[in-house]
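User: I would like to learn how to read a few features of a protein model. Please give me the general idea each time, then the case at hand.

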Amino acid sequence: MTTIDTANKSDIADMPAAGAQGPVDNYLTWTKGAISWIFTLDHKRIGVMYLAGVLISFLIGGLFALIVRTELIAPGATIIEPSTYNLFFTLHGAVMVFLVIIPSIPASLGNFVLPIMLGAKDVAFPRLNLFSFHLWIIGAIFVVLSLLLGGFDTGWTFYTPYSTTTETGGVVPVLFGVFILGFSSIFTGLNFVVTVHKMRPPGMTWFRMPLFLWAIYSTALIQILATPVLAITLMLVGIERAFQIGIFDPAMGGDPVLFQHFFWFYSHPAVYIMILPAMGIISDLIAVHSHRHIFGYRFIAYSSVAIAIFSFLVWGHHMFTSGQSALLNTIFSAITFSVAVPSAIKIFNWLATLYKGSIALNTPMLYALGFIFLFTIGGLTGLYLGTLNTDVHLHDTYFVVAHFHYVMMGSALIGFIGGLHHWWPKMFGRMYNEKLGIIAFTLVFIGFNVTFFTQFMLGSKGMPRRYYDYQPEFEIYHFISTIGSYVMAAGFFLTAYYLLASLFSGKKAPANPWGGRSLEWQCTSPPPHDNFKTTPTVGDCYDFSVVRWSDEEDGYVIDRSKDPEIAPSSAHSGH
Amino acid sequence: MSLSPDSPIADEKQRLQALILGVWLFLITLAMVFATTIVGYVVVRLQLVSANEWKPEGAPGLPWELFVSTLLLLASSGSTHAARSAVCRGASGRKAGGWMALTCALAAGFLFFQALAWSDLIRQELTFGDSLYAWLFFVLTGLHALHVLCGLPPLGIVTGRAFRGAYGPEPTSHAGLTFFAMYWHFLDAVWLVLYLVLLWGSRPG
Ligand SMILES: [Cu+2]
């Protein structure tokens, strides 16, 4: 088999990337057969398998959401029984949180991109990476098993004492499933931390890393520190359920609020496990698609770490009405406000990057702009919930539902979809239909706002979350919200259609379709099995002045002779 | 045998450093698991003591066996360390293997006395489902014992390899022993904290 040494090739100044020189190997066809995928150690294949798992889970969780929204389109019974409704909203939450959003960016896109961005052949521990994927599959099987055993109606938060006493039969399997998924997440995080620490290529100092890596790194720290708390807490709930005694059981002198402390000690940082990687993606999307050096690199990098640290100190804001002391409430409220600072730093720097950039309004960029808009709304409405006196009114209403959907879906998931479009040509070597991409984004964006902005109004008027039935005066809001969810679903189905269609009939993707500067754009699309034959040298990955369009490549090329740091003559001088 | 042959890191020394960092991160994860249960213990005890419901009437205190097992676990940490220093000095396989065999014996002794403590308490009618005082004791010691049990297969493998003289003085040539020692010292440290907490908790108020 003829292979071309991609790294050496690009050492030659201004040389087009692979294409005309004959066949280059590609990770998708490197070996064949299902076994070669299931037991692969290749981070790219593991990333693609995670992607498939996450997208299938997203379909399932989304269908649950549509059932819930359809039931709520009118007051009273519409399509399902109250007890079935409880199962469906619980499953929607659990599947979306544990099987979709948490693994979406780190485990799928992160696994694929992180080693390539570092110019490495793989993550530090490839076998552990495969193991955590297998754990993810086993965890997902337990979640499905819990469905077959009667499901669970505890809400995704598993609050005690309800979760230890409810009659539904799926509680123990799902607790076990989430426990396993937790360890899958921990091992992925561990792998990424070691990889970033030990495998950065020559020339890539900490402050030369693409901002996506800073985000993934901060996320991985949270995964390692917070996830074990959830894991052991769920085990204790399982033991309590089995023996009908435990530390969360008030009948024996236990404390159900202690469960809430443990749960939110994980689950608040988990919000940042979801949002930080999306912020990392947005930093890269904004810079690449406006062809402009990222503004305030260090501020964005430090703010990721700051958010990771703050995330451990604010969990009590979920418990303002739990009987927590007034002093604790005040402290948690104050620290919660401080999270606004690093978040706003990111927003300002993204806007400053866009200013005077040559912005390509393509699908990834639209998702990035959508993220900024939706995250701003999600973040600012968080202030009403972090304020003690307003929270007492808004607690457990649709206002909370709308707020966290703006953050977890409107931001984290939109960031994931944006990143998916950005790296799709790299992952599969095909371009998707740009027109359909823009139409689908428009549907998703409008549908999302119609669905969830309405819920802010519902919540401030006092509609409690999770209820099956409601007063007639809420009907118009619920109706509009449900219609919005159908529009959004149409957008996602359209996205699924054109992405899948691109695999069969999409135009072949060039190595660098967007004009990116980080290392993943310097190997072929799709990347070869080994990524790079020799470790490449890196320059400033946000300096786009050396990137120019090439007609013969039908993509961008990097003019290495223009950059003193990576030009062939000085590449080995070791400065 | 080369160190983790799948690793993309070419240099063996750097590979070892990456592995050691990985083990540290894993131990931090486990530390968070134990920290959570200990925090739960402390919170529940403080609340129950102030309600005067912590230690049921006539419930036994901390069994004496735990003191013995604590000494045994401490000693096993020491013998593991001795085995590793012997290997680092380039001592013979018999010597390192001997220390590791002692570790095996001490680990078995630890588990034996933990089991003895449990059966002692059960004989004194302290049952799992009767009070949180009992529940917490069994869950916390059980969780720790479970981690010790999980350490036994690697302990066996490391001991066997030490006897065969498979470990050399170079850090990269006795990595397995190093990882085991890190894990074992960690369990030792966790037990010391746990023992002190249980000692404090065994008082009625
Ligand atoms: Cu929170």
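Analyst: Start with burial. A residue is buried under 20% relative accessible area, exposed over 50% and partly exposed in between, using a 1.4 Å probe and protein chains only. I558(A), at 10% relative accessibility, therefore counts as buried. I558(A) lies in strand β2 (residues 555-558) of chain A. Helices (H or I, at least four residues) and strands (E, at least two) are DSSP runs, numbered from the N terminus.

User: What should I know about the model and its numbering?

Analyst: This is a predicted model: local features need pLDDT of at least 70, side-chain atom pairs count only at pLDDT 80 or more, and totals for chains, interfaces and linings use all residues. Residues are numbered from 1 along each chain as its sequence is written, chains are lettered from A and ligands numbered from 1 in the order in which they are written, and side-chain values use heavy atoms, with hydrogens and water left out.

User: How do I read an aromatic pair?

Analyst: A pair of aromatic rings is described by the distance of the centres and the angle of the planes. Rings of Phe, Tyr and Trp (its six-membered ring) pair if their centres lie within 6.5 Å; planes under 30 degrees apart count as stacked, over 60 as edge-to-face and the rest as tilted. By this rule there are 59 aromatic pairs over all chains. Take F243(A) and F128(B): the centres are 5.0 Å apart and the planes at 80°, so the pair is edge-to-face.

User: Where do F243(A) and F128(B) lie?

Analyst: F243(A) is in helix α8 (residues 211-243) of chain A, and F128(B) is in the loop between α3 (93-123) and α4 (132-163) of chain B, so the pair joins two chains. F243(A) is exposed, at 52% relative accessibility. F128(B) is partly exposed, at 22%.

User: What about W350(A) and F371(A)?

Analyst: They form an edge-to-face pair, 5.7 Å centre to centre with 80° between the planes. W350(A) sits in helix α12 (residues 340-354) and F371(A) in helix α13 (residues 363-386), so to speak of distant parts of chain A, 21 residues apart. Both W350(A) and F371(A) are buried. Ring pairs also build a cluster in chain A, including F98(A), W156(A), Y159(A) and W264(A).

User: How do I read two helices in contact?

Analyst: Use their axes: lines fitted to C-alpha atoms, for helices over the stretch in contact, with angles from 0 to 180 degrees between N-to-C directions. Angles under 35 degrees count as roughly parallel, over 145 as roughly antiparallel, 65 to 115 as roughly perpendicular and the rest as oblique. The axes of α16 (residues 434-460) and α17 (residues 475-505) of chain A come within 7 Å and cross at roughly 155°. α16(A) and α17(A) are therefore roughly antiparallel.

User: What is chain B made of?

Analyst: Chain B has 5 helices and 0 strands. Buried residues make up 50% of its 205 residues.
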